Amino acid sequence: MSSSSPKVVLITGTATGVGFYTALAFAKVPDKRYKVYATMRNLEERKGELEEAAGELLGDTLFIRELDLIDEGSRAKCVKGILDENKRIDILINNAVVVHPGLFDTIDLVEEGVRDFQVNYFGPLRLMQMVLPGMRERRSGRIINLGSTSSVLPWPFLDLYGHSKRALEAATESVGYTTRPFNVWVSNLQMGTVLTQRVTGVVDMLKNLGLSVLPVPEAIKDETLKKMFARHMEMMSAFAAESSQTPDEITDLILKIAEAEKPLLIYQSSDLARRLAEKVYVDVTGESRLTLYEKGTWEMMKNH
């Protein structure tokens, strides 16, 4: 993807978390190789931290735009604005995500469920639809969907997050096959826990409450389910403690994917994520996944 002009990059969900660090990482690449459009909803309320971190990069290699992934008008306005300014979008990084813990049958699918899939699945797909025609026409493009190890092993009590991430990975596969003849490469990155502001903030909040994991939601009344929730939160905490990565580790990998001549379809962000995928995918019955749930992902993986 070498070119004298900077590659135009659209990144979603950059107010916090992985998107925040990814926007800064691309904007800081030497020789101004990337022109980054960092997007977020509620721009006036949320842009301050990124503006401060960007410093002199703001208005040079990094530009902040408003984008509400669940609003078609917002999606269209954002993409059109970037295309009007640059005539192209070279790289799309779908990062924005929402997560709601709880018991599956207590989830409000009409409100909460639809919103989760709008942000985690339909929003990213709509952006892919908007940028792909231009990429095919230019015979050049990269789409990087930031996924999760939850697409490999969807965690109970984080149901819709895992469901939507697996759906996005499936879209990566089917769409990616049809784009390669046009030198447009679609990839999915399976990530574990990343030590961003959001994650460390939750950990600090729990510590202040004298807790190590999320408490059992009030909506869960059954004693068996309460015990299952508590155990799974403990397992997730152990898995995160042993597998968590720094933002720099993740952004380095995302840059590597963007700059690869022929990116892979699926990437894992760590050796542990790769071993989890290897263990899960080898069993076509799916029964081994239930064993991972029951015995503890980390306890089994560290002996794999």
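Tutor: Helix α5 (residues 109–138) lies across β4 (91–94), β5 and β6. Contact here means heavy atoms within 4.5 Å. Helices (H or I, at least four residues) and strands (E, at least two) are DSSP runs, numbered from the N terminus. This is a predicted model: local features need pLDDT of at least 70, side-chain atom pairs count only at pLDDT 80 or more, and totals for chains, interfaces and linings use all residues. Residues are numbered from 1 along each chain as its sequence is written, and side-chain values use heavy atoms, with hydrogens and water left out.

Student: At about what angle does α5 run to β4?

Tutor: Axes are lines fitted to C-alpha atoms, for helices over the stretch in contact, and angles run from 0 to 180 degrees between N-to-C directions. On that scale, α5 runs to β4 at about 170 degrees.

Student: Which are the edge strands?

Tutor: Two strands pair if DSSP finds at least two bridges between them. The open sheet has seven strands with parallel pairing, in the order β3-β2-β1-β4-β5-β6-β7. An edge strand pairs on one side only, and the two are β3 (62–66) and β7 (266–268).

Student: How many bridges join β5 to β6?

Tutor: Strand β5 covers residues 141–146 and strand β6 covers residues 184–190. Leu 146 stands opposite Leu 189 in β6. The two strands run parallel, and the number of bridges joining them is six.

Student: Is Asn 145 buried or exposed?

Tutor: Asn 145 lies in strand β5. Buried means under 20% relative accessible area, exposed over 50%, and partly exposed in between (1.4 Å probe, protein chains only). Asn 145 has a relative accessible area of 0%, so Asn 145 is buried.

Student: How many residues of α1 are buried?

Tutor: Helix α1 spans residues 17–27 and is mostly covered. Its buried residues include Gly 17, Phe 20, Leu 24 and Phe 26.
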